[in-house]
Amino acid sequence: MSDPLPENPLAEGIEVDRRAPPGVLVVVGASGDLTARKLLPAIEQLSRRRLLPQAFGVIGVARTELTDDGFRQLMTDAVPDSGPGWSEVVKHSRYVTGEYGDPVTFSTLAETISAVEADVGAAGNRTFYLATIPAVFEVVADGLGSVGLNRPPTDSTAVRLVIEKPFGRDLGSARELDAALHRTFDEEQIYRIDHYLGKETVQNVLALRFANAIFEPLWNRSYIDHVQITVAESLGVEKRGGFYETAGALRDIVQNHVMQVLSLTLMEPPGSIDAQGIRDEKVKALRSVVIPSPDDVRNDVVRAQYDSGWSEGKAVPAYREEPDVDPASQTETYVAMKLMCDNWRWAGVPIYIRTGKRLPKRLTEVALQFHGVPHLAFGKAESRDLRPNALVLRIQPDEGVALRFGAKVPGQAFNVRDVLMDMSYGSAFMEDAPEAYERLLLDAMVGDPTLFIRSDEVDQAWRVVDPILDAWQGRAVPLAGYAAGTWGPRQADQLIERDDRQWRTP
Amino acid sequence: MSDIGTAEPQSVDYWTGEGIRLSEVVDALADLRDQSTDHHSSARTAVMTLVAVAPGDEQAYEATGALRSLAGHHPSRIVLLRPDPDSVAHLGARATLYALDSDHHHRINFEEVMLEIGGQAARHLDSFVEAFTLSDLPVAVWYVNSIPEPSDPLLSVATAILIDSRDAPDPGQLRSVLQLARRRTLVDLSWTRLRPWRELLSALFDPPASRPWLDHLDTVEITGKEGPRRLLGGWLSAQTGVSHRRISLQDARHVSIRLAGRRDGQTATFTVERVDGQRMIVAEANLPDGPTLRSTNLLPDDPLATSLANALTHLRPDPIWERALSAATALVD
C-alpha cells in the first residue's frame, strides 16, 4: 500500500471539494435506456461544469455487442449539444461486451480498467454504477469481487458500488439482496440511489427546517394537527406496464420516495448536516412509524386502480387496457393511507399519504396543517372563509414554500379570510439546479453518501410497507377504482373524513 | 462557476426627476411599486442591495448592463451612483421597475435607482444609499474601474466591496488594496475572472503522477495584462512556495500559465492557455513516461456579468486571495 497523497495546495480555496478525484466510472448496463437518457447527459453536465477530474475515463459494460468506437458513438449521440470537454471524456472511454454470469467478462473488465487508468493517469478510484435490472445486482457484485475489483488498489483510493431502486420486493428479499452485496462490498461502499433525494427541493426541506429558527419550534404535535404528503402523477404507466405489473404504487413510490420525504419531514435536527448525522436521524424517524396491524391496513389503507377517464383534456384508457397489463390485473395504481408516529414530537399526529397515477396533475408536496386557534373571537359569518394555518413545502413542480394564514378583508366589516404567502424558488433564483442524476453521480464519485440510502433505511422503510403487502396478498383490502383525471377513489376521501379532516386540493 | 443566462429584463415602468430631493425619489419608487402591484405584478424576492459607483457614462452603461443581467442569479435592488463632486450641487434621478421572465413562467421583479449627485454631497454617498438599502439584507458596493479611498464614507454602508485589482496593477497600488482588504471584506473581480485558469491548473495536479512535480517547479511563466499576471504569479508563489526568481511575468493580451518541473533529470510541463480566437482555454500536462492530461473549457460569453455573479456568491474574505495579493506585491516583471 502506498503513502497517502499530500494535499494539492493549488486546490485550496477553489471549493474543489465537489470535484471528483481522478478515477474511472464503470457503467454496467451501458447499452440501456437509463445510461443514454440519464447517466451520459449527467456525466456531460459534470464535465461542462468542470466537476470531473482531468484524469477520468468511462467504461461501459453490457451484454449488447459493441466495440469501443460503437460505445463512443453511443456517448456522442446521447448528448447532441455537448460542451468542448465531452470529446475528451468520450476519447478515453472503453467498452466491454459480456454476460454478467461469465467470469471472463470481469477479467476483461479488470484489464480494461487498468488500461484506462494508465491512459488517463487515474490512480485507482473506481465507481461501479449498476444501470441494470435488480435481478443481476448480486451476480455483478460477485463478478467484480471474483477479480478483486471490489477493493481499492491503494489506501488512498476508493471503490464504490452504485445501485438503483428497487432494493428488494419486500423486507425479506431486501435483506437477501443486502446480504448478497455485503459478501463482496462493505456497506460504506454501497450507494443506493433514490433519485428523489437528488432533487434540490427535497434537500431544501432540510434547509427550511434546520436553517430557520421560526419553523422548528412549531414543528411538533403541539402546533401541527396533521401532515399530508401527496405524490401525484398525471401520466399513466405509459410503456412501463410490464414493470408496473410487478411493482404497483406501494413498491414503486411509497416504499422509497414517500418514505424518504416522510423521514426528512419527521426527523429530529441532526447534530451535523453530514451523511451520518442525517441518515441516523432519518432511520430514527422511520423506526418511530407505527407498523400497521392487519386491522390498520383494512381501516387506514386504500388501494385503487384507475379506470378510463379524461386526463389533461384527453380521453385515456383504464389501467387494465394499457399495453403489457393483465386485463384482470389487481395491481394498485393509487394508495392512500394514514400512518402514525410514536415519538415525543409526533405522537397523535396523523400522517396522511396519497400517491397515484392519472391524477389531475403532477405534483409532490408536504403540507403541515396547524391546529386552529383555541378560541375564534370573530363571528361565524365574519370568519367563514378562515381555515387553520398550513405550511406547504412544494417539492415539484414550481418548487417553493407557501404559508396560509388569516388576514382582514379590507372594508368596514371585520371579515377575515385565508391568504397564501407563496414563495417560489423559481422567482427567487433562476439558476438551474443540477439534475438529480448529475448531483448523485458526483456525490458517489466524491464519496459523499449523504443523499444515498443506507441499508438500515431500506430495512425500516420495508418494515412499514411489508405488513401492507402481506394484508393485500390475503385480499383483505379490496381494490377500489377511480376515474383517470380525478384525485382518487371515494374510499380515500372517507379515510380522511372519518377523522373530520379533508384532503387538500393542491 | 456558473455562466449568466441570456434573458433580458424588460422595463415595466419608470420615473425621472431633476433638481429634486432624495425623499421624492423614495416616494416615486414606492409609487412605482404600488402601481405595479395594481397591475398584478409578481411579488418581489431579493437577496441583497447592489450599489455601483460609476462616475463616467461608459462605466455607468457597462455597470448597469452587467447588474441587470444578474437578476436571475442575485435578485437585488440596484442603486447606481454617479457622483460628480466638482460640479454644482444637484440631484437627478431615475427609478425604473424591471421584470425578468424565465423559461419556466416565473417572473422576477426588481428596481433600479440611478442617482446623479453633484457638489460636495457626492463625497457622502453613504447618506444617499441608506435610503434605498433593503432591510436586513447585505449591501454589496461595486467600485466600477476604481479603488476606493480608505476614508470613503460609503465603505461603512457596505457588507462587502467589489473591486477589480486590474485597476490597481502596480505593486504600490496592490499594497493599498491589501491594506483595505485587512479592514473590509473585499472581493476582487480579477480573482474571480481568473478562476477558470486556477481551477484547470489545480486539476492538472490532482492525479498522483503529477502531484510530486509541484515540489520541483523549475520555471513559471505567466503572461497577460499586468494585474492578472501579477496576481497569478503571487498565487503560485504563495501556494507552492516557488521562489520569486523562478517566476517570469510577461505582457500579453491573454492570460497563459506555463510551468516546467525538473527532477531526476526529467522534465514535466503544465500549461493553461487560451485558444487563439476562441473563448476557450486548454489545460495540458505532459509527464515523462506518463499520460498526457488534457482538458478544455469554455469561457463565459459575458465575463463581466459572470465574474460579478460569482463574486456576489462569495461575499466573504478570501485568505487565499489575500496571500496571493501579498505575494504579488513582491513580484517584478
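The buried residues of helix α2 of chain B are B:A63, B:A66 and B:L67. They span an arc of only 95° around the axis, which places them on the same side of α2(B). The model is a predicted one.

**Helix α2 of chain B**

- The helix covers residues 57-68, and at 1.5 Å a residue its 12 residues should span 16 Å; the end C-alpha atoms are 16 Å apart, so the two values agree.
- An α-helix has 3.6 residues a turn, so residues three or four places apart point the same way.
- The buried residues of α2(B) are covered by elements of chain B including β2 (48-53), β3 (76-84) and α8 (303-313).
- On the other side of α2(B), the exposed residues include B:D57, B:E58 and B:Y61.

**B:Q59 and its contacts**

- B:Q59 is part of helix α2 of chain B.
- B:Q59 counts as partly exposed because it has 18 C-beta neighbours inside 10 Å, whereas a buried residue needs 20 or more.
- Leaving aside residues up to four places away in sequence, B:Q59 touches B:A54, B:V144 and B:N145.
- The C-alpha atoms of B:Q59 and B:T133 are separated by 22 Å, and the two residues are 74 residues apart along the chain.

**Helix α6 of chain B**

- Helix α6(B), residues 195-204, is mostly covered, with 9 of its 10 residues buried.
- Those buried residues are B:P196, B:W197, B:R198, B:E199, B:L200, B:L201, B:S202, B:A203 and B:L204.
- In chain B, the buried residues of α6(B) pack against α7 (226-240) and against the strands β11 (256-263), β12 (266-274), β13 (280-286) and β14 (292-298).

**Backbone sites**

- Most residues other than glycine have a negative phi, and most peptide bonds are trans.
- B:N145, a contact of B:Q59, is not a glycine, yet its phi is positive, near 60°.
- B:N145 sits in the loop between β6 (139-143) and β7 (160-163) of chain B, and it is partly exposed, with 16 other C-beta atoms within 10 Å.
- A:D324 has a positive phi of about 65° although it is not a glycine.
- The loop between β10 (314-316) and β11 (334-339) of chain A holds A:D324, which counts as exposed with 12 C-beta neighbours inside 10 Å.
- The peptide bond joining A:K165 and A:P166 is cis, with omega about 5°.
- A:P166 lies in the loop of chain A between β5 (159-164) and α6 (171-182).

Notes: Residues numbered from 1 in each chain as written. Chains lettered and ligands numbered in written order. Predicted model: local features only at pLDDT ≥ 70, side-chain atom pairs only at ≥ 80, totals over all residues. Helix = DSSP H or I, 4+ residues; strand = E, 2+ residues; numbered from the N terminus. Expected span 1.5 Å × (residues − 1). Arc of directions from axis to C-beta. Contact = placed C-beta atoms within 7 Å.
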